[in-house]
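Biologist: I have a fold open and want to learn how to read it. Can we go through it feature by feature?

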Amino acid sequence: MASETSICNSALTRIGAARITSLTDDSKQARACTASYALMRDEVLRSHPWNSAISRASVASLADAPAFGYDNQFQLPGDCLRILEVYDSRLPWVVEGRRLLCDETSPVSIRYVRREEDPNQWDPLLQSAVASRLALELVEELTQSSTKRKHAMDEYRQVMGQARTADGREQSPMTFEEDEWVTVRL
């Protein structure tokens with residue numbers, strides 16, 4: 001079973017640092033993991049629309065409208081790391097702070113990447129990607145080795161590529177509507 005500690009130990013092992021028994025250990029490794037884990041987890045989750053971290057929600061508009069530019073604003077869910085789609089909307093939208101601004105009427109249905117804190121809900125390759133990113137973050141502090149840093153960077157890029165490829169293959173191909181520009185060419 002994956003846990004925050006097991007992800008951290010995977011990161012520590014990748015850089016040749018001593019493992020920990022808990023994030024509350026009184027060690028340099030545990031303190032470094034505790035300081036960086038959540039930020040690195042969220043960074044990796046936000047970087048790609050991971051299937052295991054996608055949620056859907058219907059959000060109602062807030063009482064106050066934006067100062068200008070859009071008719072409505074909507075509070076994003078607390079666990080939202082990245083908006084992927086505003087359903088059935090052909091109107092422009094933008095995220096500003098923790099709010100979605102658009103001209104759609106309430107409610108708006110969204111797909112988004114959520115902050116999934118339970119690593120057991122992640123794909124094994126996503127677990128490895130988070131561990132690789134954490135290793136890259138910790139390597140300089142714990143080893144003072146530029147060679148290990150370069151190796152950690154190369155490994156992170158490789159693992160992320162594999163994880164994104166596998167994740168992207170677990171859905172049907174997206175279809176695109178033909179518009180006038182495409183049909184006029186035929």
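Biologist: Is Arg31 buried, partly exposed or exposed?
Modeller: This is a predicted model. Arg31 is partly exposed, because its relative accessible area of 47% falls between the cut-offs of 20% and 50%.

Biologist: Which side chain does Arg31 meet in a salt bridge?
Modeller: Asp26, with N to O at 2.9 Å. Asp26 has 74% relative accessibility, so Asp26 counts as exposed.

Biologist: How many salt bridges does a search of the whole structure find?
Modeller: The search finds 10. One of them joins Arg111 and Glu85, with the closest N and O atoms 3.2 Å apart. Arg111 lies in strand β6 and Glu85 in strand β3, so this pair ties together parts 26 residues apart in sequence. Arg111 counts as buried at 17% relative accessibility. Glu85 counts as partly exposed at 28%.

Biologist: Where do Arg133 and Glu137 lie?
Modeller: Both are in helix α3, four residues apart, about one turn of the helix. Arg133 is buried, with a relative accessible area of 11%, and Glu137 is partly exposed at 34%.

Biologist: Which residues are linked in a network of salt bridges?
Modeller: Arg41, Asp42 and Arg115 are linked in this way.

Biologist: Now the sheet. What is the order of its strands?
Modeller: The general idea comes before the order. Strands of a sheet pair through backbone hydrogen bonds, either parallel or antiparallel. Here the sheet is open, has three strands, and runs β1-β6-β3 with antiparallel pairing. β1 (54-59) and β3 (80-86) are at the edges with a single partner strand each, so one side of each has no neighbour in the sheet. Neighbouring strands are turned by 35° against each other on average, direction ignored.

Biologist: Over how many bridges do β3 and β6 pair?
Modeller: Five, in the antiparallel sense, with β6 covering residues 108-114. Val86 has Ile110 of β6 as its bridge partner. Helix α2 packs on the sheet and touches β3 and β6. The direction of α2 makes about 10° with that of β3.

Biologist: Which residues have the most contacts inside the largest nonpolar core?
Modeller: Again, the general idea leads. In soluble globular proteins, nonpolar side chains tend to be buried together. The largest nonpolar core here has 35 residues, and Val44, Leu45, Trp50 and Leu138 have the most contacts inside it. Helices α1 (4-14), α2 (28-46), α3 (124-143) and α4 (146-168) each supply at least two residues of this core. α3 gives the most, with 10 residues. A second, separate core of 11 residues includes Val59, Phe74, Ile83 and Val86.

Biologist: What does Leu45 touch?
Modeller: Beyond residues up to four places away in sequence, its contacts include Trp50, Ala53, Leu81, Val113, Trp122 and Leu126. Leu45 also touches Arg114, Arg115 and Glu116.

Biologist: Which residues of α4 are buried?
Modeller: Ala152, Tyr156, Val159, Met160, Ala163 and Asp167 are buried. What covers the buried residues of α4 includes α1, α2 and α3. α4 has 23 residues and reaches 33 Å from its first C-alpha to its last, close to the 33 Å expected. His151 is also in α4, and is partly exposed, with a relative accessible area of 49%.

Biologist: Is Thr5 buried or exposed?
Modeller: Thr5, in helix α1, is buried, with a relative accessible area of 19%. Thr5 touches Ile20, Thr21, Ser22 and Leu23, leaving aside residues up to four places away in sequence.

Notes
Residues are numbered from 1 along each chain as its sequence is written. This is a predicted model: local features need pLDDT of at least 70, side-chain atom pairs count only at pLDDT 80 or more; totals for chains, interfaces and linings use all residues. Side-chain values use heavy atoms; hydrogens and water are left out. A nonpolar core is a set of buried Ala, Val, Leu, Ile, Met, Phe, Trp, Tyr and Cys residues joined through side-chain atoms within 4.5 Å. Buried means under 20% relative accessible area, exposed over 50%, partly exposed in between (1.4 Å probe, protein chains only). Contact means heavy atoms within 4.5 Å. Two strands pair if DSSP finds at least two bridges between them. Axes are lines fitted to C-alpha atoms, for helices over the stretch in contact, and angles run from 0 to 180 degrees between N-to-C directions. The expected span of a helix is 1.5 Å times one less than its number of residues. A salt bridge is a side-chain nitrogen of Lys or Arg within 4 Å of a carboxyl oxygen of Asp or Glu.
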